[in-house]
Amino acid sequence: MRPSFAFAWFLFLLTLFQFTAFSFSSVQPVLCHDDERLALMQFKESFIIHEHASPASSYAYPKVDDWTFQGVDCCSWDGVECDQITGQVIGLDLSSSLLYGSINSSSSLFHLVHLQKLNLAHNDFNYSVIPSALGNLSMLTYLNLSNSVFSGQIPSEISKLFRLSSLDLSNNWDPNSFQRLLELKIPDLKSLIQNFTDLKHLHLSYVDVASPIPSVLANFSSLTSLHLEHCGLLGKFPLPIFHLPNLQTIWLVHNLGLTGYFPEFNFTSQLKVLALLNTSFSGELAASIGDLYSLEFLGIGLCNFTGLVPSTLGNLPNLQFLDLGRNFFSGLVPSTLGNLTKLYHMDLQKNYFTGELPDSIVNLISLEYFYIRYCKFAGLVPAMLGNLAKLMVLDLGSNLFKGLVPSTLGNLPNLQFLDLGRNCFRGSVPSTLGNLTKIYNMDLQKNNFTGSIPPELTNLTQLTYLNLMENMLEGSVPSSISRLKKLEFFDCDENRLDGIVELDAFLELKHLKYLFLSLNNFYLISRNNTNATSPQLVDIGLRYCHLRGFPDFLRNQHQLQLLDLSSNNIQGQIPKWMSKVSIETLLFLDLSSNSLTGFDEFPVVLPWSKLGYLKLDSNILQGSLPVPPLSTIFYSISNNSITGEIPQLLCNLSSLSILDVSHNNLSGEIPLCLSNFSKYLLVLSVRSNNFHGPIPHSWASGNRLKMIDLGKNKFQGKIPRSLMECGMLQYLDLGNNQISDAFPSWLGTLPELNILILCSNALYGMIGDPESHCVFPKLRIIDLSHNRFNGTLPSGYFERWNTMRSLDVRNSSASYMLEYLDMRINVMHVPRYYIYSMTITNKGREMLYPKIIQTLVAIDLSSNRFDGEIPESIGSLKELHLLNVSNNILVGRIPSAIAKLKNLEALDLSQNKLAGRIPWELSTQLTFLEVLNVSHNNLTGPIPQGQQFDTFQSSSFEGNLGLCGKQLLKECDSSSGALPPPSSSISEDSGFFVGLHWKVVLLGYGSGFLIGVTIGHVVTTRKSDWFAKTFSKISRGRTHRRSSPVLL
């Protein structure tokens, strides 16, 4: 027993000694190894400290500044971590250390072979390639090279780091262009990560991956966060990844090529963040999304989700951020969303929601940001919204809200952004909005607000943006507007404001950049001063402000980009000092519809070097044609008194898209270069001048011309065949010239030609039959009137004009023919339209169409020498609205096939030698017929009665001795074979037809357009309210808009 006891005592003493020795050693500082200290110092010296090397970090400081050789253990250096037993460097955190320079595989960093954690994030390594030597640091479990301007291919050697639990190579983008710098192609994503079986964090945002997410990722049971933003991901997202047991964050935003849908979730999910913004995920949200009890962030905006929002979404008690915006959700917003009391951000904008905003929204007491613009919400805005005291952004714009704006919105003490624009609100603007003292943006545009502008709004001293455009506000603009010292943007366009407005009140606002006062009833006055302290404006819209001269403050404007002074009473010459206004910045200038006579000592080429849009129409400008600068895209100077020839300098405008010099007194020959000087030219109009000589014959191949209008000049010679090069041409008007040629059948090869006007020339010969089956495939308006064509009507063409047989405008983006120019001016788009117009001659009268509706179909072959019968094939052109073959030598009967033209609104067969009866079917089937003229033929028998025929006057039938009927006050005897009128759904007693007379040119546009063939005084009989609706005055268009199209 004693030896055993002695041995046990010995073991006890030995163990006690070892423990005491270990404890003593553990309190002794372990110094870092000299070779590692040297490696760290060499690493430090390979970089410089640069104050801009860590711009994304607010906590950046130079950690290596205190690293020195003298007497300091490197384990105590900032950012260095050592093993407490061995003294080896196992961690290096130099994130946000202002390091600038390059790094490669020979760096002393890779002598630290025991490193387990390496963090070099938020520095600037100057586009270095990630060193392949990183693969030698086999002990690494944590690697962070994010936000450090690395570039190139991620080296395959990183895949050897199988101990990694966290890998972050994200956000390496070019600091100048923000383009991605890193790519993962060889190896691809699968090859890189397949060995990282213990991975918890994978962050590769802004790495160009351009491949699918590998399904192997679904095996990473330890994965906690997955960040793959803007990686160019493709293909379908592996569904099992959603069910990883420890996954808390999925961040896949801005991967448009990534598709997928949500699975059925279960309550065991740990997901806290689910972000799929701007991907192509689709499908419906399953009710099981309400089982994600841990969810705090749900961002699925700008995807393709559809269907209803499940009410179970309101079961997420921890949800703080919700973005469902810019999807295809529909139906009602569930009232259960009011349960999300922790929610501070809700975005439902740009969906197809209907109904009213649920009252339960007012329970969201934590809400700070609320976006629901561009939905279809209707009804009233809940007054209790005014109780959401934390609300900073309230965006209700572009919905169908109606009624009064709740005055309680003025109770939101933290509100900074309010958009109520583009709704149906009525009544006064609440004066309580003047209580929103923190607000900087207020948008009330495009509603039905009445009353005056509340003077209380001028209490909002933080306001930078105030938009009141397109309402019905009355009274004057408050002179106290000058109190809004921070105001940058003010727009009250298109209201009913009146009185006298002093421009000087706005010129006191030193931060003002954008000022729009157009289309009101007030008189804008400005003192004649040249105050150099006036704000430097960027955009000025003063259309229809009763100005009588150029505002004097413009003299000192050097940053203008947009200036609109159109539709005023400005007279005389454009002053010389205007040639020095914003000559390096002006992009848009509209001086149209004034009484300007010329330019006072301007240079030959107008001085604004960046000008893109110049509109000088409808003045009384005289002298030679002004030449805009080379940058010009849109140039219109129609309806003036410009004389002389077109200068050759105009052919230097190689960027020009629209050129309209119509309705002037220009003369001479058109320069040949106008046919090929700009590959961007869409519209060329020289109509109504005095040009002579041949039409230019060198139309360039591949040009983009869509409209050529050379009408109403004195051009001679033949139609040049080079027009066949205009493959995009939609509109060709050569009418009212002196062209002598045969019918240009070769124009039938133009695939887009809609309108062909060759009237009032000296064209001759037979038209004949087309040489191919597909000719004029999109032609819908043709005017060959007042020429010398002979032979029979072109029945072969009637059989092949397919658009006139079946019109398809479903793919048309506009109701009228126009060209759209989307100009970008500063921060705004300024869309501009050039609207096609047309003049058709009929019965010696010109019919003006200021807009050409896309569905208008017309044939005018009048005043030629066509003979023979009207072919039955005319009945196949079922889309026809106007048919005029008057003043020819046509014989035979009126074909009953004309009754098949059920859309016909005007029919003129007068001044021919037609015989026989008027087909009774015309009265029963042509229910849209507004104008009929069969006068001066050899027709016989009774005039059909009922429906439209009861509205036509005697002038429609005169000159036919054999006709009888009540229209001619001539009874039909039994030998004439009179038939009883057919039954009609419209009785004469209904009051539908009331006489309506007019004498002047008709405007061919409107909701139920009338092809206004003017015959004497009486043209048609319709109710006057129908006429008022159809031919209502063109509404005053805005000069320019920030959020909707702009009419010229």
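Trainee: How should I read Asp347, as buried or exposed?

Mentor: Start with the label: buried means under 20% relative accessible area, exposed means over 50%, and partly exposed is in between (1.4 Å probe, protein chains only). Asp347 counts as buried because its relative accessibility is 4%. Before we go on, this is a predicted model: local features need pLDDT of at least 70, side-chain atom pairs count only at pLDDT 80 or more, and totals for chains, interfaces and linings use all residues. Residues are numbered from 1 along each chain as its sequence is written, and side-chain values use heavy atoms, with hydrogens and water left out.

Trainee: Which side chain does Asp347 meet in a salt bridge?

Mentor: Here's the general idea: side chains of opposite charge can pair when their charged atoms come close. The cut-off is a side-chain nitrogen of Lys or Arg within 4 Å of a carboxyl oxygen of Asp or Glu. Asp347 has Arg326 as its partner, at 3.9 Å from N to O. The two are 21 residues apart, with Arg326 in the loop between strand E21 (321–323) and strand E22 (328–331) and Asp347 in strand E23 (residues 345–347). Those element names come from DSSP runs, numbered from the N terminus: helices (H or I) have at least four residues and strands (E) at least two.

Trainee: And Arg326, what is its relative accessible area?

Mentor: Arg326 has 30%, so it is partly exposed. While you're looking there, check the backbone: phi of Arg326 is near 55°, a positive value in a residue other than glycine.

Trainee: Where does Ser688 lie, another residue with a positive phi?

Mentor: Ser688 lies in the loop between strand E49 (683–685) and strand E50 (690–694). Phi of Ser688 is near 55°. At 14% relative accessibility, Ser688 counts as buried.

Trainee: How many salt bridges does a search of the whole structure find?

Mentor: It finds 19. One of them joins Lys615 and Asp617, with the closest N and O atoms 3.0 Å apart, and both Lys615 and Asp617 are buried. Then take Asp950 and Lys966, whose closest N and O atoms are 3.6 Å apart. Asp950 sits in the loop between strand E70 (938–942) and strand E71 (962–964), and Lys966 in the loop between E71 and strand E72 (995–996), so this pair ties together parts that are 16 residues apart in sequence. Asp950 is partly exposed at 26% relative accessibility, and Lys966 is partly exposed at 44%.

Trainee: Which residues are linked in a network of salt bridges?

Mentor: Click on Arg373, Asp395, Asp419, Arg422 and Asp443; salt bridges link them into a network.

Trainee: On to rings. How many aromatic pairs does a search of the whole structure find?

Mentor: The search gives 45. Rings of Phe, Tyr and Trp (its six-membered ring) pair if their centres lie within 6.5 Å; planes under 30 degrees apart count as stacked, over 60 as edge-to-face and the rest as tilted. Phe125 and Phe150 make a stacked pair, 4.9 Å centre to centre with 25° between the planes. Phe125 lies in the loop between strand E5 (117–119) and strand E6 (128–129), and Phe150 in strand E8 (residues 150–153), so the pair ties together parts 25 residues apart in sequence. Phe125 is buried at 0% relative accessible area, and Phe150 is buried at 1%. Now compare Phe602 and Trp608: their ring centres are 6.0 Å apart and their planes at 55°, so that pair is tilted. Phe602 and Trp608 are both buried.

Trainee: Which rings are linked into a cluster?

Mentor: Ring pairs connect a run of phenylalanines, including Phe237, Phe305, Phe377 and Phe449.

Trainee: Where is a cis peptide bond?

Mentor: Look at the bond from Ile186 to Pro187, with omega near 5°. Pro187 lies in the loop between strand E10 (182–183) and helix H3 (189–193).

Trainee: Last one: which residues form a positive surface patch?

Mentor: Arg805, Lys878, Lys900 and Lys902 do. Patch residues have over 30% relative accessible area and no salt bridge; like charges are joined within 9 Å, and nonpolar side chains (Val, Leu, Ile, Met, Phe, Trp, Tyr) within 5 Å. Lys902 lies in the loop between strand E66 (889–891) and strand E67 (906–908), and Lys902 counts as partly exposed because its relative accessibility is 44%.

Key:
Areas by Shrake-Rupley, 256 points an atom, 1.4 Å probe, with all protein chains shown as cover. Lys, Arg positive; Asp, Glu negative; His and termini not counted. Charge placed at Lys NZ, Arg CZ, Asp CG, Glu CD.
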